[in-house]
Amino acid sequence: MTERRRAAAVIVRDGCVLMVRERSLGPSGRHDSLEYWTLPGGGIADGETPEEAVRREVEEEVGLTPLSTRYLIDVPYPSGLTACFAVTVADGEPQVGHDELPCDCPSLVSVDWVPLPAVNPETTGAPIPTMIVVWPAH
């Protein structure tokens, strides 16, 4: 894992969490390899707080306006430690945004509401997946 700091948004609606479906870099150097779902988010820019980064990333990646943020936890992620925030957004439907990439191939494929897993009734809170990876069938 690298040392790049990230911020990610946990946006929950109707028992589902909003996730961004992306494609990873393949051997060709293009985003044409494995697909994965991840919370909307990305790198924290120099001089930017994690909260500022998560607000910016929500607007860029899913086109929603953040109304409030609440820090939840830092979690490990393949590209670096990620500060996760519960984010309340203005009404509206998410849309596929953009990532600033040095290539012309899109890495963002879609946005999806992913059902949250059921939990033991004695457990407080909700289980939030931070990443779901699609493994090849062969």
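1. Ile73 is partly exposed, with a relative accessible area of 45%; here buried means under 20% relative accessible area, exposed means over 50%, and partly exposed lies in between, with a 1.4 Å probe and protein chains only. Ile73 belongs to strand β6, residues 66–75. Helices (H or I, at least four residues) and strands (E, at least two) are DSSP runs, numbered from the N terminus.

2. The model is predicted: local features need pLDDT of at least 70 and side-chain atom pairs count only at pLDDT 80 or more, while totals for chains, interfaces and linings use all residues. Residues are numbered from 1 along each chain as its sequence is written, and side-chain values use heavy atoms, with hydrogens and water left out.

3. Together with Tyr71 and Leu72, Ile73 forms a nonpolar patch on the surface, with about 280 Å² of accessible area in total. Patches are made of residues with over 30% relative accessible area and no salt bridge, like charges being joined within 9 Å and nonpolar side chains (Val, Leu, Ile, Met, Phe, Trp, Tyr) within 5 Å. A salt bridge is a side-chain nitrogen of Lys or Arg within 4 Å of a carboxyl oxygen of Asp or Glu. Accessible areas come from the Shrake-Rupley method with a 1.4 Å probe, and for residues only the protein chains shown count as cover.

4. The chain has one helix and nine strands, in the order β-β-β-β-β-α-β-β-β-β along the sequence. Of its 138 residues, 36% are buried. The chain exposes about 8,000 Å², of which carbon and sulfur atoms supply 55%.

5. Strand β7 is mostly covered, as six of its eight residues are buried. Strands β6 and β7 are antiparallel and share eight bridges, with Ser68 opposite Thr88 in β7; two strands pair if DSSP finds at least two bridges between them. These two strands form a hairpin with six residues between them, and Gly80 in the turn has a positive phi of about 145 degrees. With β1, strand β7 pairs in the parallel sense over five bridges, and Ala8 stands opposite Cys84 in β7.

6. Ala90 lies in the loop between β7 (82–89) and β8 (108–115). Its relative accessibility of 23% makes Ala90 partly exposed. Residues up to four places away in sequence aside, Ala90 touches Arg13, Leu64, Thr65 and Leu67, where contact means heavy atoms within 4.5 Å. Leu67 is 23 residues from Ala90 in sequence, yet their C-alpha atoms are 6.2 Å apart.

7. The largest nonpolar core has 16 residues, of which Ile11, Val58, Val62 and Val87 touch the most other members. Two or more residues come from each of β1 (6–10), β3 (16–23), α1 (50–62), β7 and β8. A nonpolar core is a set of buried Ala, Val, Leu, Ile, Met, Phe, Trp, Tyr and Cys residues joined through side-chain atoms within 4.5 Å. Apart from this core lies another, of nine residues, among them Trp37, Leu39, Val75 and Val114.

8. Strand β4 (residues 35–38) is covered on both faces: Glu35 and Trp37 are buried on one side, Tyr36 and Thr38 on the other. Strands β3 and β4 run antiparallel and are joined by four bridges, and Tyr36 in β4 is the bridge partner of Glu22.
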